[in-house]
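This briefing covers a single protein chain. It starts with one residue and then moves to two others and to the chain as a whole.

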Amino acid sequence: MLKYYYITNDPRVAAIAQETGVDRIFIDMEYIGKEERQPKLDTVKNRHTVNDVKQIRRVVSKSELLVRINPIYENSKEEIEQVISAGADIIMLPMWKSADEVKTFIDFVNKRAKTMLLLETDEAVNCLDDVLKLYGIDEIHIGLNDLYLSQNKTFMFELLCDGTVDSIVKKIASAGITYGIGGVGGVGSDVMLPAENILAEYYRLKSSGVILARAFCDASKVTDYNEIENIFKSGLKANRAYEEMLSKCDDEYFSRVHGETAEIIDKIKERIKGN
């Protein structure tokens with residue numbers, strides 16, 4: 001089964017997510033450069049803090065606490081020290097573009113937490129061979145949103161069908177490193193690309209984890225905690241049931257669904273270009 005990550009700095013939402021089966025509670029401290037990269041996109045731009053890490057740590061015991069820091073900059077060492085002291089289990093480095101930046105990150109963490117690289121730039125793809133030679137990388141997550149922007153593609157999920165992600169995961173798997181991919185909403189949702197197709201792609205690519213997107217539960221709009229709990233309970237039950245089905249499917253099934261997904265994505269791209 002995939003490990004699910006959910007982004008929140010609300011202790012009550014974190015507790016609900018943990019109790020209903022979310023594997024990782026995700027604090028997002030990244031803000032440097034994000035507005036410049038995604039000025040017109042309807043994407044989440046969080047400004048979580050070290051204090052949020054401390055508060056969430058108090059309620060998270062069964063799930064792992066994942067913290068995304070800023071890209072490497074002049075205060076990275078201090079930021080990482082604070083995040084480790086606050087109780088992070090896993091630290092995620094975004095927007096790295098060289099093996100030197102990754103090495104600096106690994107050295108600053110110094111085995112005191114798990115290290116996760118967020119691969120989300122074309123430069124990261126180009127230096128991946130050198131990065132995979134480094135010791136101390138626990139996991140890599142492939143971020144489809146910024147990666148498709150970096151590569152000037154039309155739709156982020158086209159990376160699942162144009163060979164981009166296939167090429168990346170082949171290298172990561174050969175290095176023996178665990179990897180996750182992108183995000184997903186809830187099975188049965190009325191969206192352009194159904195979660196069923198996305199989950200099938202993640203299983204085809206042998207992903208280990210995925211971020212639960214706003215399409216799964218947007219806690220900034222749903223303010224009733226009982227409703228949030230119901231969304232998590234029913235949503236995770238539906239997703240896990242679909243995963244159970246996927247776990248029994250053969251390569252022929254995944255190949256067929258991959259073709260169907262590519263056709264859906266082509267239509268979405270045409271619609272986007274038409275606008």
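Cysteine 127 sits in the loop between α6 (122-126) and α7 (128-131); helices (H or I, at least four residues) and strands (E, at least two) are DSSP runs, numbered from the N terminus. The model is predicted: local features need pLDDT of at least 70 and side-chain atom pairs count only at pLDDT 80 or more, while totals for chains, interfaces and linings use all residues. Residues are numbered from 1 along each chain as its sequence is written, and side-chain values use heavy atoms, with hydrogens and water left out.

**Cysteine 127**
- Cysteine 127 counts as buried because its relative accessibility is 12%, where buried means under 20% relative accessible area, exposed over 50% and partly exposed in between (1.4 Å probe, protein chains only).
- Apart from neighbours within four places in sequence, cysteine 127 is in contact with Trp96, Lys97, Ser98 and Ala99; contact means heavy atoms within 4.5 Å.
- Serine 98 is 29 residues from cysteine 127 along the chain, and their C-alpha atoms are separated by 6.1 Å.

**Glutamine 18**
- Glutamine 18 belongs to helix α1 (residues 11-19) and is buried, with a relative accessible area of 6%.
- A polar atom of the glutamine 18 side chain lies 2.7 Å from the backbone nitrogen of lysine 62.
- Leaving aside neighbours within four places in sequence, the residues in contact with glutamine 18 include Ile25, Val59 and Lys62.

**Glutamate 30**
- Glutamate 30 is in the loop between β2 (24-28) and α2 (34-37).
- With 1% relative accessibility, glutamate 30 counts as buried.
- The side chains of glutamate 30 and arginine 68 are joined by a polar contact of 3.4 Å; a polar contact is a pair of N or O atoms within 3.5 Å, and within protein one must be able to donate a hydrogen and the other to accept it, with residues adjacent in sequence counting only if both atoms are side-chain atoms.

**Whole chain**
- The protein chain has 12 helices and nine strands.
- Its radius of gyration is 18 Å, close to the 19 Å that the globule rule gives for 275 residues, so the protein chain is as compact as a globular protein of that length; the radius is taken over C-alpha atoms, and the rule is 2.2 Å times the number of residues to the power 0.38.
- The C-alpha trace spans about 50 × 45 × 40 Å along its principal axes.
- Of the 275 residues, 50% count as buried.
- Among contacts between residues at least 6 apart in sequence, 69% join residues at least 24 apart.
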